[in-house]
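Please examine the sequence and the structure shown here before reading the report.

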Amino acid sequence: MGKIRYFCEYCDRSFLDDLAARKKHLTGTQHARMKKQYYLPYRSAKEIYEDEVGKEPCRKHLMQNMCPFEDSCKYSHYTPTDLERLRQHAQEDAKSIKSEAVNEALKNLPDTAKVNDWLSTWKTKQAAEALKPAKPAVQAVSKAWSTNVPPQLREWRDLPPSLQPWNSFNLQNIHVEDWG
């Protein structure tokens, strides 16, 4: 029976699969370089900008418009105008990602008009309640539950005890251990 071999897809090579050999390979400079090279095309504009902004300009690339090290060069091959364009592109990407996330979240809401209507009426009721004198705690909790809960939630029959309407009888005979 042959020994099991490990194949590294980044380096395109295989070797005997034991702990020491794999650890030596994965911590090696060649593997790190090949892994970085593999992921270079998948970087975002923000990641490229963050990498390139701290580097000094490559003299060979500036003078000859060619560098023998290409993507593995430790100096930057971007001009200041390229860096500025890259920064703007990264900012636009961040804005579009945020707006896409917000739009996706709004699509998943059941009915935004109903929610917005409920929120506006709730805010006006809260403002009106703030002007009224304070009530006893039990009455205030019971009234708050009955007026501040959306109608869809009140229609549900099998609510857990923690979400059921409160009244003075419920507060006196409460069994928290039954809540589950």
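This is a predicted model: local features need pLDDT of at least 70, side-chain atom pairs count only at pLDDT 80 or more; totals for chains, interfaces and linings use all residues.

Residues are numbered from 1 along each chain as its sequence is written, and side-chain values use heavy atoms, with hydrogens and water left out.

**Overall fold**

The chain has nine helices and two strands. Helices (H or I, at least four residues) and strands (E, at least two) are DSSP runs, numbered from the N terminus. Along the sequence, the order of these elements is β-β-α-α-α-α-α-α-α-α-α. Of the 180 residues in the chain, 12% are buried; buried means under 20% relative accessible area, exposed means over 50%, and partly exposed lies in between (1.4 Å probe, protein chains only). The chain exposes about 15,000 Å², of which carbon and sulfur atoms supply 56%. These areas come from the Shrake-Rupley method with a 1.4 Å probe, and for residues only the protein chains shown count as cover.

**Ser 76 and the annotated span**

An unreviewed UniProt entry carries the annotation "domain: C3H1-type" for residues 52–80. Such positions are given in the numbering used here, feature names are shortened, and annotations may be inferred rather than shown by experiment. The span 52–80 is 31% helix and 0% strand, and its end C-alpha atoms lie 10 Å apart.

Ser 76 is located in the loop between α4 (59–64) and α5 (80–108). Is Ser 76 buried or exposed? Ser 76 counts as buried because its relative accessibility is 4%. Apart from neighbours within four places in sequence, Ser 76 is in contact (heavy atoms within 4.5 Å) with Glu 52, Lys 55, Glu 56, Pro 57 and Cys 58.

**Salt bridges**

Side chains of opposite charge can pair when their charged atoms come close. The structure holds five salt bridges, each defined as a side-chain nitrogen of Lys or Arg within 4 Å of a carboxyl oxygen of Asp or Glu.

| Salt bridge | Distance between closest N and O atoms |
|---|---|
| Asp 51 and Arg 43 | 2.6 Å |
| Arg 85 and Asp 82 | 3.3 Å |
| Arg 87 and Glu 84 | 2.3 Å |

Arg 85 and Asp 82 both lie in helix α5, three residues apart, about one turn of the helix. Arg 87 and Glu 84 are likewise three residues apart in helix α5, and are therefore separated by about one helical turn. Arg 85 is exposed at 53%, whereas Asp 82 is partly exposed at 26%. Asp 51 is partly exposed at 37%, as is Arg 43 at 24%.

**Aromatic pairs**

The structure holds five aromatic pairs. The rings of Tyr 10 and Tyr 39 have centres 5.8 Å apart and planes at 50°, so this pair is tilted. Tyr 10 lies in the loop between β1 (5–8) and β2 (13–16) and Tyr 39 in helix α2 (residues 29–39), so the pair ties together parts that are 29 residues apart in sequence. The rings of Tyr 38 and Tyr 42 are also tilted, because their centres are 6.2 Å apart and their planes stand at 50°. Rings of Phe, Tyr and Trp (its six-membered ring) pair if their centres lie within 6.5 Å; planes under 30 degrees apart count as stacked, over 60 as edge-to-face and the rest as tilted. Ring pairs link Tyr 10, Tyr 38, Tyr 39 and Tyr 42 into a cluster.
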